[in-house]
Amino acid sequence: MQLNSNVPSGPLEGKWDRYKFDLKRVNPANKRKFEIIVVGTGLAGGSAAATLADLGYKVKNFCIQDSPRRAHSIAAQGGINAAKNYPGDGDSVYNLFYDTIKGGDYRAREANVYRLAQNANNIIDQCVATGVPFAREYGGLLANRSFGGSQVQRTFYARGQTGQQLLLGVYGQLSRQIGLGGVQMYPRKDILDIVVVDGCARGVVCRDLVTGEIESHSAHAVVLATGGYDNVYFLSTSGMHSNVSACWAAYKKGAAFANPCYTQIHPTCITVHGDYQSKLTLMSESLRNDGRIWVPINKGDKRSPDQIPENERDYYLERKYPSFGNLVPRDVASRNAKIACDEGRGVGNTGLAVYLDFTEAIKRDGEAVIRAKYGNLFQMYHKIQDEDPYKVPMKIYPAIHYVMGGTWVDYNLMTSRDGLFCLGGANFSDHGANRLGASALMQGLSDGYFVLPYTIGGYLATQSLSQVNTSHQAFKDAEKQLSEKLNKLMNIKGKRTVDDIHKELGLIMWDYCGMARNDAGLKTAIQKIQALRADFWENVDVTGSSKDFNQTLEKGYRLADYLEFGELLARDALTRQESCGGHFREESQTEENEAKRDDENFCHVAAWEYAGEGKDPIRNTEPLVFESVKLTQRSYK
């Protein structure tokens with residue numbers, strides 16, 4: 001497989017503007033002749049669908065939920081980055097670019113990250129124009145706060161509901177285009193296959209989640225904006241509908257899958273509290289602006305936090321990283337929480353928690369100020385934990401939150417399969433080995449509002465695509481294969497529930513491919529996943545009917561994909577014999593337990609190619625070339 005990034009030449013600052021000028025265009029009258037399928041209605045998918053329709057394309061927009069407003073983007077809490085420098089602390093587009101490259105441990109494509117930083121200011125203007133109620137300072141300027149991995153305040157926010165407010169802004173634009181007829185909405189559809197004709201993606205096959213019917217839809221190009229794959233771990237902060245199936249189907253149709261081992265552990269999540277828990281809850285990184293993280297100095301200290309004096313507390317992030325303190329990047333904060341708990345200094349009943357303490361901030365600013373900043377987050381914590389964080393410190397522990405890996409895309413956001421594009425959290429392109437907080441919302445809106453509308457036009461203007469509709473044999477073949485897979489699942493009639501097997505897979509992933517990985521553990525994980533996959537196809541029990549609303553079947557075919565994908569994730573982690581960002585190989589660390597990269601052998605993207613059923617995938621590489629930044633050991637001290 002040839003991986004051509006299509007990054008333009010020339011100075012970094014001018015690449016995107018010059019590239020847009022050079023792109024071929026579709027004239028306004030001809031845009032009405034093209035149909036585009038957009039899968040997903042989150043910030044990336046919804047903004048892309050609305051913008052493409054506004055340009056004149058005919059858009060078919062699919063979502064797995066009953067409404068675009070329920071896309072997982074709504075769950076984002078803390079904010080969105082941009083370098084407007086309103087606080088006057090010296091920020092710039094280049095600073096945002098550099099912090100993002102450094103935060104990703106120099107494992108992202110330089111040109112893509114700079115473009116993201118360039119687009120960020122336009123994103124804020126666009127969101128304000130769509131009515132997003134960002135917090136404002138007394139004088140009227142939009143307010144900013146700090147997030148991890150940065151020493152400036154550049155994060156725009158709407159209390160702890162930023163994702164929700166941004167999504168409502170996108171939804172308003174999308175609804176307008178639905179009303180005008182530019183977007184045809186398809187809710188409650190699960191995309192399970194990509195249809196390829198003459199080497200180009202020309203449609204999708206989906207299952208109607210209400211009726212169970214298998215449907216095909218054709219178009220001139222397909223856009224995937226389906227989010228990340230972190231539910232492979234079973235317990236994560238992602239919504240229960242988030243899954244890998246559409247991207248996995250694309251992988252099997254020629255779209256390479258890049259860096260699947262790059263998973264993010266978020267340091268401030270509510271701790272696991274029971275065996276029957278189905279997901280985890282995030283406490284926004286914004287809380288680390290005012291909350292101080294600590295554990296007792298002494299091992300096994302089970303006193304209540306108010307009984308532990310200051311001289312017996314270890315504010316370990318402030319001690320180890322004086323320049324950044326509690327605002328170190330997520331991977332650094334997570335590893336240090338794990339180290340503290342592994343040393344026996346964790347708090348709570350399980351010992352797998354650290355304190356996030358607002359006592360000092362409340363004394364300094366008053367409860368009213370803290371309530372105005374974080375009130376909904378404190379309320380959420382109180383409801384789940386039955387503890388009032390205004391009176392006692394929060395107990396938090398790292399959890400799976402995001403993934404930096406995803407479908408490989410070039411500078412145009414097109415996959416290695418012609419005509420198939422991938423946006424936002426579903427692709428790999430902008431975050432390297434560790435995403436900085438408040439960058440996911442930025443990437444989704446950059447891809448949807450400001451990148452894809454140009455690049456997809458460049459693709460359509462240079463193609464001679466034949467007329468294809470759902471009567472084509474390729475659609476019939478895809479429908480048949482999908483029906484056979486679903487029937488096979490329904491007819492196993494085993495003795496294990498889908499959730500039971502998924503929990504076992506999640507435990508394997510967390511134990512061997514979680515916050516720390518090593519050679520022996522990853523080899524064990526691969527063997528265990530292979531055995532579990534065989535057990536799944538012999539012993540799973542999928543009840544109900546495939547021709548009806550059936551959530552057990554939904555979970556079943558998604559788990560079938562996760563059991564294949566989980567092995568690929570472990571393989572990728574095994575072959576990347578270095579530590580970088582969230583991928584922490586125990587064999588590759590500094591004396592101070594920091595990630596130790598191997599730039600000589602692994603300064604590249606690993607893009608996996610499907611080789612066929614039962615065959616080992618093929619590992620391809622795209623070298624990462626850095627022209628504007630110098631590769632250095634990350635330091636936040």
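**Entry 1: salt bridges.** I take a salt bridge to be a side-chain nitrogen of Lys or Arg within 4 Å of a carboxyl oxygen of Asp or Glu. The model I am reading is predicted. How many salt bridges does the structure hold? I find 51. Side chains of opposite charge can pair when their charged atoms come close.

I looked up E578 and R107. Their side chains meet in a salt bridge at 2.9 Å, N to O. E578 sits in the loop between helix 16 and helix 17 (599-602), and R107 in the loop between helix 4 (93-103) and helix 5 (110-129), so the pair ties together parts that are 471 residues apart in sequence. Are these two residues buried or exposed? Both E578 and R107 are buried.

Next I took R371 and E367. They form a salt bridge, and the closest N and O atoms are 2.2 Å apart. Both lie in helix 11 (residues 367-385), 4 residues apart, so about one helical turn separates them. R371 is partly exposed at 38% relative accessibility. E367 is also partly exposed, at 34%.

I then noted a network. Salt bridges with shared partners join D105, R107, D331, R335, R576, E578, R597, D599 and R634.

One more pair went into this entry. The side chains of D301 and R303 meet in a salt bridge at 2.8 Å, N to O. D301 counts as buried, because its relative accessibility of 11% is under the 20% limit. R303 is partly exposed, with a relative accessible area of 34%.

Entry 2: In what order do the 4 strands of the open sheet run? I read 16-10-18-19, with antiparallel pairing. Strand 16 (406-407) and strand 19 (618-623) stand at the edges. Each has a single partner strand, so one side of each is left without a neighbour in the sheet. Strands of a sheet pair through backbone hydrogen bonds, either parallel or antiparallel.

I checked one pairing in detail. Strand 18 (residues 604-609) and strand 19 pair in the antiparallel sense over 6 bridges. E609 has I618 in strand 19 as its bridge partner.

**Entry 3: strand 11.** How many of the 8 residues of strand 11 (residues 263-270) are buried? The count is 8 of the 8, so this strand is largely enclosed by the rest of the structure. Strand 11 pairs with strand 15 (residues 394-403) in the antiparallel sense, over 6 bridges. I followed Q264 across and found Y402 as its bridge partner in strand 15.

**Entry 4: the second largest pocket.** Rolling a probe the size of a water molecule over the atoms shows where empty space is left. I turned to the second largest pocket, which has about 900 Å³ of space. Its lining has 30 residues, and the closest to its centre are W248, K252, E564, Y610 and E613. The elements that give two or more residues to this lining are strand 6 (189-197), helix 7 (245-252), helix 13 (473-490), helix 15 (519-539) and helix 16 (551-575). Which element gives the largest share of the lining? Helix 16 does, with 7 residues. By type, I list the lining as 12 nonpolar, 5 polar and 13 charged residues.

**Entry 5: C200.** I found C200 in strand 7 (residues 200-208). C200 is buried, with a relative accessible area of 9%. Which residues does C200 contact, leaving aside neighbours within four places in sequence? They are V195, D418, Y459 and L465. I also checked C200 against G346. These two are 146 residues apart in sequence and 53 Å apart in space, C-alpha to C-alpha.

**Entry 6: positive phi.** Most residues other than glycine have a negative phi. I looked up two exceptions. D198 is not a glycine, yet it has a positive phi of about 55°. D198 lies in the loop between strand 6 and strand 7. At 66% relative accessibility, D198 is exposed.

F234 is not a glycine either, and its phi is positive at about 65°. F234 lies in the loop between strand 9 (221-224) and helix 7. Is F234 buried or exposed? It counts as buried, at 10% relative accessibility.

Technical notes: Residues numbered from 1 in each chain as written. Predicted model: local features only at pLDDT ≥ 70, side-chain atom pairs only at ≥ 80, totals over all residues. Heavy atoms only, no water. 1 Å grid on protein atoms, 1.4 Å probe; cavity = no way out; pocket = protein on both sides within 12 Å on 5 of 7 lines; lining within 4 Å. Points joined across faces, edges and corners; volume = space filled by probe spheres on them. Nonpolar A, V, L, I, M, F, W, Y, C, P; charged D, E, K, R; others polar. Buried < 20%, exposed > 50% of the residue type's maximum accessible area, 1.4 Å probe, protein only. Contact = heavy atoms within 4.5 Å. Pairing = 2+ DSSP bridges.
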